[in-house]
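Take a look at the model below.

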Amino acid sequence: MSDFIPVNEPLLDGNEKKYLLECIESGWISSEGPFIREFEQKFAWRVNRKHGIAVTNGTAAIDAAVEALGIGPGDEVILPAFTIISCILQVVRCGAKPVLVDSNPLTWNMDVTQIEARVTPRTKAIMVVHIFGLPVDIDPVLEVARHHGLKVIEDAAEMHGQTYKGRPCGSFGDISTFSFYPNKHITTGEGGMIVTNDDSLAEDCRSLRNLCFQPHKRFAHNRLGWNLRMTNMQAALGLAQLERLDVFVARKRRMGAMYTEWLKDLPGVQLPLPRTNYADNIYWVYGLVITETKGLDAEEAMRRLAEKGIGCRPFFYPMHQQPVLLRMGFFEGEIYPVAERMYQQGFYIPSGIALTDEQMQRVAAAVYEVLG
Ligand SMILES: Cc1ncc(COP(=O)(O)O)c(C=O)c1O
């Protein structure tokens with residue numbers, strides 16, 4: 001279908017080509033190239049952090065963060081039921097126990113009022129995951145963490161350029177992580193970043209990223225690491241994208257406002273909150289949640305929209321219903337009604353930065369036809 005509108009397309013119209021050409025002409029294509037350091041420093045600076053460690057993707061960034069914090073067997077980590085599986089993988093692999101909280105039905109973020117009741121003597125960390133464009137209300141989380149002596153991992157994969165009470169997302173965790181997958185506000189194709197102010201955690205993450213080679217006895221290893229190195233070419237893209245971040249955030253906010261204006265009178269459909277008292281939405285994606293009275297769920301709505309040439313994606317499948325985790329004995333009998341409902345009834349419409357106003361109008365018209 002030639003006029004199919006994809007759910008996402010990146011915009012690569014800044015210095016991307018120029019910097020990539022520099023990689024090719026100089027021969028610096030591996031992780032040793034100069035764009036890596038520059039991208040790490042400029043990105044870390046942008047989120048008010050001392051250290052940036054570029055890695056292969058946002059999942060790898062979380063893996064390394066969990067390992068660097070020393071989380072292991074017997075530990076518990078509190079995280080939202082409504083998130084991507086990336087958040088839970090290393091927690092489970094290292095032998096720790098994931099402990100879930102449900103979401104706030106308005107912001108779609110973890111319900112921070114549920115966290116303290118989930119703390120036990122074994123709790124080691126809280127993983128805060130900012131979802132879809134609005135940050136988690138993070139002050140109460142930091143308060144619980146401080147009170148119980150817990151570490152905070154902040155997954156800011158979707159939050160480039162977002163702030164909480166005026167301070168950058170990614171500046172709140174003991175360790176915070178980002179993704180640069182092409183559906184993010186800025187992309188490196190595949191890629192991720194760990195940021196922290198802690199020198200020792202940063203050194204650990206750099207080592208874990210690079211197979212834990214030792215400076216003086218390179219091929220003798222004291223610890224199991226990974227190869228999570230980003231290439232100079234990816235960092236070249238990232239740098240060019242970072243130069244455009246403010247423009248991209250402004251455009252995404254404008255796009256969110258336009259969709260809201262066009263869809264606000266659609267009955268029985270919940271739209272993203274434009275703002276809370278701590279942040280304005282940056283609309284990483286523009287989600288819709290259909291009320292049950294409409295008689296159709298997200299799957300059926302997406303199917304009908306696809307017939308009209310509109311690409312959509314479902315919301316996250318809740319962690320406590322993941323077949324692989326249930327098989328491993330986690331979450332038996334646990335219920336998180338908000339996360340369950342969001343998966344059943346929620347999906348997002350084309351939200352990519354390259355979308356034109358005319359395409360967005362077509363999307364909104366198709367949504368009206370299907371859900372009006
Ligand atoms: C909240 C969140 N965390 C982690 C990730 C994983 O990032 P990546 O796809 O780069 O591995 C994503 C990806 O979309 C995400 O949305």
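Tyr343 is partly exposed, with a relative accessible area of 23%. In this predicted model, a residue counts as buried only under 20% and as exposed only over 50%. The value for Tyr343 therefore falls in between. Tyr317 is also partly exposed, at 34% relative accessibility.

These two tyrosines form an aromatic pair. Their rings are edge-to-face. The pair links distant parts of the chain, 26 residues apart. Tyr317 sits in the loop between strand S12 (313-314) and helix H10 (323-327), while Tyr343 belongs to helix H11.

**Aromatic pairs**

A pair of aromatic rings is described by the distance of the centres and the angle of the planes. The structure holds 22 aromatic pairs. Two of them are set out here.

| Pair | Centre to centre | Angle between planes | Class |
|---|---|---|---|
| Phe39 and Phe180 | 5.2 Å | 50° | tilted |
| Tyr317 and Tyr343 | 4.7 Å | 75° | edge-to-face |

Some rings gather in a group. Phe82, Trp108, Phe132, Trp284, Phe315, Phe316 and Tyr348 form one aromatic cluster.

**Helix H11**

Which residues of helix H11 (residues 337-345) are buried? They are Ala339, Met342 and Gln345. Seen down the axis of H11, these buried residues fall within an arc of 150°, so they line one face of the helix. Their cover includes strand S11 (286-290), helix H9 (298-307) and strand S13 (346-349).

**Helices H3 and H4**

Two packed helices are described by the angle between their axes and the distance between the axes. The axes of helix H3 (residues 58-68) and helix H4 (residues 86-93) come within 8 Å. They cross at roughly 35°. The crossing of H3 and H4 is right-handed. On the H3 side, the contact is made by Thr59, Ile62, Asp63, Val66 and Glu67. H4 brings Ser86, Cys87, Leu89, Gln90 and Val91. By class, the contact of H3 with H4 has 5 nonpolar, 3 polar and 2 charged residues.

Note on methods. Residues are numbered from 1 along each chain as its sequence is written. This is a predicted model: local features need pLDDT of at least 70, side-chain atom pairs count only at pLDDT 80 or more; totals for chains, interfaces and linings use all residues. Side-chain values use heavy atoms; hydrogens and water are left out. Axes are lines fitted to C-alpha atoms, for helices over the stretch in contact, and angles run from 0 to 180 degrees between N-to-C directions. Helices (H or I, at least four residues) and strands (E, at least two) are DSSP runs, numbered from the N terminus. A crossing is left-handed if the near helix is turned anticlockwise from the far one by less than a right angle, and right-handed if clockwise. Contact means heavy atoms within 4.5 Å. Ala, Val, Leu, Ile, Met, Phe, Trp, Tyr, Cys and Pro count as nonpolar, Asp, Glu, Lys and Arg as charged, and the others, Gly among them, as polar. Buried means under 20% relative accessible area, exposed over 50%, partly exposed in between (1.4 Å probe, protein chains only). The arc is that of the directions from the helix axis to the C-beta atoms. Rings of Phe, Tyr and Trp (its six-membered ring) pair if their centres lie within 6.5 Å; planes under 30 degrees apart count as stacked, over 60 as edge-to-face and the rest as tilted.
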